[in-house]
Amino acid sequence: AAFFGPVARGNPVVDSFEAELRRVLSSLRRLRGAREAKPPQHDLHRHGANTLFNIWIKYKARLPEWYYNERLVKVGDSLAQIKEYKLALLQCYERYLQQFVSVKLDDVMDDVHCFKSTFFPNDVRDKKAALTFHALQARNVCIYQMVCSGDRNLQNPESLQTCLNVLTSLRLTMQVALPQENLCWLIYNGTIHIYTICRHLMVMGQSAKVLEYLLWASVCMESSIPLLSVHYLTWRATLYTAVSQCYFDCQASIHGEIFARRGLIKIDELKQLEDIGASLEHTETEKIFREATLKMSVMIFKRAVYESRRKSNNFRHETKVNPRKAVNLSWPRTSTERLLVEMFDGAAAQFLAILEALSDRSRNLLPPHPPVPDESEMCDVTSELFSAGLEILSGEKGVSGDAAVKFVKLAFSYEEWDVFYSALEFVDNFLQTQDDPTWKKAEIELKLLTLMQPLVFPGKFEHSFPISDGNSKEATALQGSKKTQTIRSECYKESLKPEDPFHDLAILATTVLSCVSTSEQNVHPDKEILVDVVMCLWQKCKTELQQIQMSGSDCLEYIHNHQAYQWVHILWIMNEIIEKSNIADTNVMFAEITLCLAAILENVADS
């Protein structure tokens with residue numbers, strides 16, 4: 001018989017229902033935890049999914065509708081927390097939403113009027129509306145997470161389109177909820193979800209497609225009165241920064257600066273209101289406003305440091321400062337440093353501004369290349385930024401480890417070899433004293449860059465970039481430049497002669513393989529660097545390897561006559577790196593590497 005009485009503790013139907021839910025959730029949690037240690041147990045997982053399905057069928061008619069619906073959504077939240085996104089989506093959120101619509105859910109997401117009439121027939125002020133909003137938002141998050149689990153790099157066009165559909169659906173849900181102040185939590189969560197997805201897509205080079213959604217998230221934070229408080233200002237400034245960055249990615253730097261200046265105005269408006277109200281402790285409030293203002297100022301500097309030089313002809317007549325002679329000058333030494341001093345207080349803020357001004361999402365770590373020499377003044381600014389950054393880094397005050405590591409990588413990317421090797425010494429000294437896996441990983445990545453430098457920039461390189469503030473630092477730089485060579489000299493203990501063209505390739509390949517062979521996953525280099533390294537190795541070896549591959553049944557004779565064993569060995573190492581680091585799906589060229597190895601091995605077998 002159906003149960004329509006009050007939902008109270010001790011009711012046998014409720015107790016049985018809750019006990020069965022607890023058991024299946026506990027089982028799924030254990031399975032999720034076990035996946036890290038052993039292969040997925042698909043049969044047990046399927047059993048858990050079927051059990052959950054049967055629970056919903058069994059109790060639907062025996063519990064009050066409101067109680068049953070609440071449990072649907074809350075169980076979905078529990079499943080999402082343990083990353084069971086597909087179960088949460090199909091067995092919970094969509095099961096809840098199916099009470100409103102019999103057609104495909106996405107079919108009612110295109111029109112706001114259809115959306116409202118479908119999911120909120122009794123208006124959005126209905127007491128049931130909050131649960132429906134939550135289910136709609138959570139459904140979108142699950143869809144996005146499922147895309148990421150199957151295609152993190154969004155190589156399939158359908159994956160990208162699904163992400164954009166999710167953003168559109170999130171925006172629609174927020175649009176309907178926005179007028180209701182009691183739903184401000186949904187607006188806030190929605191901006192977080194939009195930001196998370198947009199940042200992912202920005203990294204994938206899709207800034208032009210996500211700009212409108214980040215703008216929408218920013219406007220939502222400004223349009224919800226409860227979210228206008230100082231408490232949410234840090235998050236609002238983060239959204240503003242993302243919008244500005246999007247403009248820069250789209251080569252619309254003027255709009256990036258304009259939006260950042262708009263952000264400053266909004267922050268100042270809130271500060272004036274806060275001076276009247278003073279709702280938080282004064283020191284805490286000042287810190288929040290200072291950090292938000294800094295974020296906007298950094299984005300303004302990102303364009304202003306270049307544009308100020310481009311606009312003014314006076315700079316063309318200014319005597320250029322040779323960084324190598326800058327040791328005899330006091331800070332600020334250049335136009336760039338003077339602008340830094342004008343706009344930012346303290347080394348930490350100035351260093352952050354330098355990093356942002358040098359960062360360009362269209363620029364990959366490899367291959368390194370100097371800025372496009374369209375205007376000599378722009379190249380001068382870049383050099384001055386690196387010089388200023390090195391000067392700050394040499395003081396070792398206020399610069400975080402993460403920022404310092406990023407600076408070294410940027411110097412590599414721009415072919416600023418003087419700065420790269422000098423900065424590497426300061427960073428390496430810091431890393432050597434750290435035990436955290438994060439810093440071990442950074443140390444490995446910088447080691448790989450050092451080994452790659454002679455490959456991507458052949459020829460002898462002299463480390464002669466002096467540091468200011470006296471002879472002690474200059475001596476440290478010279479001493480350190482010798483220390484840098486130990487990274488490579490440690491690898492030179494192999495039998496190969498240094499003048500062998502294969503020498504540097506072998507050192508790099510074997511070093512990378514050792515890095516990805518360790519069981520400590522948290523110290524493995526980032527996939528981006530691993531991909532770049534393998535691609536570099538392949539480009540250097542490709543011609544030789546294809547010659548071996550084309551030799552056909554004469555493969556062994558060719559290898560012997562041309563002393564080509566080492567090239568096959570490098571190819572084998574590349575294949576091992578690809579397999580151990582799980583980067584096979586990040587670049588189609590890796591399939592070419594595997595096929596080349598297979599073809600050569602077949603030829604050897606037939607020889």
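Me: Which helix is the place of Thr168 in?
Reply: Keep in mind that this is a predicted model. Thr168 falls inside the run of residues 157-177, and that run is helix H7.

Me: Is Thr168 buried, partly exposed or exposed?
Reply: Its relative accessibility comes out at 30%. Buried would need under 20% and exposed over 50%. Since 30% sits in between, Thr168 counts as partly exposed.

Me: What distance separates the C-alpha atoms of Thr168 and Tyr213?
Reply: Along the chain, Thr168 and Tyr213 are 45 residues apart.

Me: How many aromatic pairs turn up in the whole structure, and what kind is the one between Tyr240 and Phe259?
Reply: Searching the whole structure gives 22 aromatic pairs. For Tyr240 and Phe259, the ring centres are 5.7 Å apart and the planes stand at 75°. An angle over 60 degrees is what the label needs, so this pair is edge-to-face.

Me: Which helices does the pair of Tyr240 and Phe259 tie together?
Reply: Both residues are buried. They are 19 residues apart in sequence, with Tyr240 in residues 233-249 and Phe259 in residues 253-277. So the pair links helix H10 and helix H11.

Me: What about Phe420 and Tyr421: are they buried or exposed?
Reply: These two form an edge-to-face pair, 4.9 Å centre to centre with 75° between the planes. Phe420 has a relative accessible area of 0%, and Tyr421 has 4%. The cut-off is under 20%, so Phe420 is buried and Tyr421 is also buried.

Me: Which ring does the charged end of Lys302 sit over?
Reply: The charged end of Lys302 is 5.2 Å from the centre of a ring. That ring belongs to Phe248.

Conventions
Residues numbered from 1 in each chain as written. Predicted model: local features only at pLDDT ≥ 70, side-chain atom pairs only at ≥ 80, totals over all residues. Heavy atoms only, no water. Helix = DSSP H or I, 4+ residues; strand = E, 2+ residues; numbered from the N terminus. Buried < 20%, exposed > 50% of the residue type's maximum accessible area, 1.4 Å probe, protein only. Phe/Tyr/Trp six-rings, centres within 6.5 Å; stacked < 30°, edge-to-face > 60°. Lys NZ or Arg CZ within 6 Å of the ring centre and 35° of its normal.
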